[in-house]
Amino acid sequence: MRIGVFVCHCGSNIGGTVDCARVAALARDFPDVAYATDPMYTCAEPGQAAIEEAIHEYRLDGVVVASCSPRMHEPTFRRTVERAGLNRYMFEMANIREHVSWIGKDKEANTNKAAELVRLAVEKLRHNLPLAASQFDVNKRVLVIGGGVAGIQAALDCAEGGIPVVLVEREATIGGKMAKLDKTFPTVDCSACILGPKMVDVAQHPKITLYACAEVEEISGYVGNFTVKIRKRATYVDWSKCTGCGACTEKCPAKKTPDAFNEHTGTTTAINIAFPQAIPKKAVINAQYCRQLTKGKCGVCAKVCPTGAINYAMQEEIVSENVGAIVAATGYDLMDWRVYQEYGGGVYPDVITSLQYERLLSASGPTGGHVLRPSDGKEPQTVVFVQCVGSRDRSIGRPYCSGFCCMYTAKQAILTKDHIPGAQTFVFYMDIRAPGKMYDEFVRRASEEYGTEYIRGRVSQIYPDGQGRLVVKGADTLLGEQVEIKADLVVLAVGIEASKGAVNLAEKLRISYDNHGFFMESHVKLRPVETNTAGVFLAGVCQGAKDIPASVAQGSAAAAKVLTLFARDKLESDPQIAQVDIRRCVACGKCLRCCPFGAIKETEFRGETKAQVIATVCQGCGLCTSTCPQGAIQLQHATDNQILAEVNALCQC
Amino acid sequence: MKYAYYPGCSAKGSSKDYEMSTQAVCRQLDMVLEEIPGWNCCGSTPAHAVDTELSAALCARNLDIAARQGAQLLLTPCPSCLSNLRAAAQRMEKPTFRQRVNELLDEPAAETFPEVISVMQAIAREKENLVKRVRLSLKGVRLAAYYGCLMSRPAERMRFEDPENPLLMENLLAACGAEMVDFPLKTACCGAAFGIPERAMTARNSGRILELAVRLGVDAIVTACPLCQMNLDLRQTQAGRAFETRFHMPVIYYTQALGLALGFTQRELGLHKLAVSAEGLLNKLDGLRRAPAAEGGQS
Amino acid sequence: MNDTVDLNRMRDTAFTAQVEALSGQNISACYQCGNCTAGCPAGFAYDVQVSQIMRGVQLGLKDRVLRSRSLWMCLSCSTCSQRCPNNIDVAAVMETLRHMARKAGIVSVPKMEKFWLSFLNTVRLFGRSHEIGTMVLYMLRSLRLHTDVDLAPTALAKGKLGLLPHIPPGGAEPVERIFTRYKERAQREGVRP
């Protein structure tokens, strides 16, 4: 075998603390090494060209690159060697950046360690075999989980691209948080007016199947061929008959039902349509509050329904859908701010969340768009906004910034003045984060044109003064003084958290999530829409805090990724999977039991039971290979012999 | 049940009424409070303000006495003593600190100390017993529970309910029938020991608490801290002057309120020692009792 | 007028490190939100607000911080620590700074120290604190002879003030020995006891 070794300087990233030339020189004495050098930037165009040239010039049949993490550039260099005519698996990578140069300062020790890692890679490569990918069909349908603005955008773009879409929404209507907003920054245009048409497009698009009041129950399969079970909750209304006329909601006697769409700023009826522009515009019965369902007597809605759509006996239902790709767009929820006992812990009616304030501002909200405070229905004259409630707060385990609160607070301060021209508005803030297009200008408008008083400091306590107003105790750190405001209404810019059930869904999707339940992208900068599970993409706040423009952009990006994936009729399977040597297999069944993906099945071979790997399902995790007592299952490209060769090399170093 | 008991200095002076009512209530609940022999002052705020090791030494001597008595638990009525004793025990877990403190003592302190808790926490463990023994319900009386700043803070040291919104006192008094208002300044500082050197500090902070209590229309503030009680009661006129008003807000110990429910007389509970008379509250209670008494209001 | 804070010359990073070590707190975690200042019940009497003291410690402005009157006006109520979003025990930092100031002989509000020492003197003499004793000693030390005379009649009439100190049955000597050892050690170590 003739092996070429390329020890990358990565500028000064590696070269600064590793003597790369010396590593290359040492490599020349390793078995089968025909050529070794130390380029400055191996991944750059000249660097890759040099590898190709060397393959031809020195008739190399294997290449080792010692540089960064394989997670970064293994695919890059595999393509390089492939262009020069080698099999892509005749390539090995030694990580001498993350594992050496970035973590150690002693140049001599680093150089020795780098050489050892190169030695290991060479030994591995000496035992490598060319592998070939097999091909399989792609089911060109996509599942979008979550019908907020990100999911809507992804669904519409996919559908416009000709792809059938299954859109699953947990609530009774799509629209997500954006549907609850009155206006949007920085243009102050009506949220319902810009989102509404998109929602209607979803309802009317022939390529989109919408399941509302539904959740993903189970996901199996792999990229190109997922099977998804969807749990449709009982709505007690036959939607195929319901016309959304609203006769039922007018007559329903259970009028004290909590109104989740209005963020509990008001109450609604047990049978209800979330809001006038709801999609689907169908009635849903809240079983906990329906008199017929709880007490067995009422039946008013069934009597008044002109189409006979009410069905009190309805049961939940599981439907199954086959898709080739999945977009997760599950959004966010507000954190439970009641942990802040110093703000009353939810006891004071006039201390509300910013989302509740949106409903008070909205014409479709419980007050018809008049800002009236919850305690006495009076118009507030002094409104205090408090930012970063539950954001950037390590003491409650939420160190992150929620991203868009600075902007909507400015918007709400402006809208307050629009609604109540004489009102005084104050905003307590720590830093104003307004990096978007026209964002900073917008915040300055709030203070310059709308007289919003920005006070730099956190609020320590909010409590009733016993005379109908709220005492807000804060600090003005720019003044270096304590400040106190008597407020009529306090609006808390409550921080966000991953949507309830996000972690559970991540487990079903087999994707990673961070400490706070936000889904992990494949690469923070370069693969922000992909996940580590092929065929699963991300859109919107489920991946991390972002505002409407960014959510829409990511929705479109996810759709582009789906369309790219579906541009091919067949996909290649990764050959780095487990393979059974049936001569050694004793059919003990251990591999079958330990496989987390259900990728191993029993098969008959000449009358004997043997294990068999389902190539398209196997993820190459290697659990079965280390479990098999016979050594009968081997993970291709990480066989026992290949690993032992590395261990041997290391022991001889 | 017997408890090792650390009354604190004010029990022998300015808060004799707290001591009387604490003893009375505990007696009624079969809780025997046994003073640890030869106890000394915990050093209060002045000691830790001056030096942490001096403060810990004064506390450690008491903890050591209790440990040598074989006590598992040490009760104190005073939040300041509680705070200092718990802080000392916590700091003594660090060997270097322990050694520096031991140098100040006659003999090295015991290796482990009994846990120190508030008498209130011990009474709460007897809540069922308390409810059974209520003879005169406090129904109709509106009270504000005021814990002061030390009882629940710092949270990791005190481990006393939610540090911002403790509810233990409310639970005990509500169990006796009282109406407990939400009192948002329940853990605000009253001005502590600054009454002597910096009167404005105490007047202003106590004044805020009194002002809110007046606005909430309570019959009395109920407290658990001798210093808070003194600032809010004895110094109420000073606070009134700072707020250009005259407050008239009775400030009683929670043990006095419990004692009333258990049927003790004013004198047994030391209610005659208040600077701001609780006559209004007591008359209201009398009136309330007389009205339903005909139907056998006693249990 | 304040001179420019010369950050090349005036920073004492060893001071910052010392405060961190003695208080056990991570000062660099403070992002100056001002919550400590916002909730401080003594803030109205401070010359430098507590969040500004934290900033001074971050920058290592030792002299400015240790001379602050605020250190002596802190009520030790821990509201700041409870509400700090960065889990800093701000009250512990304030106490540490006060100890450091005292040891360095900087006492910006002498009457506070006089009051504390008066209190501790009664503890030294009697084993237990004694309210009237503290008052008398404080009035003598501070020459504020009218302190709280308005309260005395009520307090005495209600039997709230014991004229005689309450001494533990075994005598006050064990406590006095604690104070003696403390004072001797402070002298050995060359710090203000």
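In the hairpin formed by strands E32 and E33 of chain A, where two residues lie between the strands, A:Arg606 adopts a positive phi near 50°. The structure is a predicted model, in which local features need pLDDT of at least 70 and side-chain atom pairs count only at pLDDT 80 or more, whereas totals for chains, interfaces and linings use all residues. Residues are numbered from 1 along each chain as its sequence is written, chains are lettered from A and ligands numbered from 1 in the order in which they are written, and side-chain values use heavy atoms, with hydrogens and water left out.

For chain A, the domain assignment, which is automatic or from a database, gives domain 1 (3–126), domain 2 (142–233 + 316–331 + 499–566), domain 3 (247–304), domain 4 (333–497) and domain 5 (578–636). The C-alpha centres of domain 3 and domain 5 of chain A are 54 Å apart.

In helix H19 (residues 640–652) of chain A lies A:Leu644, which, together with A:Ile643 and A:Val647, forms a nonpolar surface patch with about 250 Å² of accessible area. Such patches are made of residues with over 30% relative accessible area and no salt bridge, nonpolar side chains (Val, Leu, Ile, Met, Phe, Trp, Tyr) being joined within 5 Å and like charges within 9 Å. Accessible areas come from the Shrake-Rupley method with a 1.4 Å probe, and for residues only the protein chains shown count as cover; a salt bridge is a side-chain nitrogen of Lys or Arg within 4 Å of a carboxyl oxygen of Asp or Glu.

In chain B, four strands form an open parallel sheet in the order E2-E1-E3-E4, with E2 (32–35) and E4 (115–118) as the edge strands, each pairing on one side only. Strand E1 (residues 2–5) of chain B is joined to E3 (residues 73–76) by two bridges, and B:Leu74 is the bridge partner of B:Ala4.

The domain assignment of chain B gives domain 1 (2–120) and domain 2 (136–293), whose centres, taken over C-alpha atoms, are separated by 24 Å. Their contact (heavy atoms within 4.5 Å) takes 26 residues from domain 1 of chain B and 29 residues from domain 2 of chain B.

Technical notes
Pairing = 2+ DSSP bridges.
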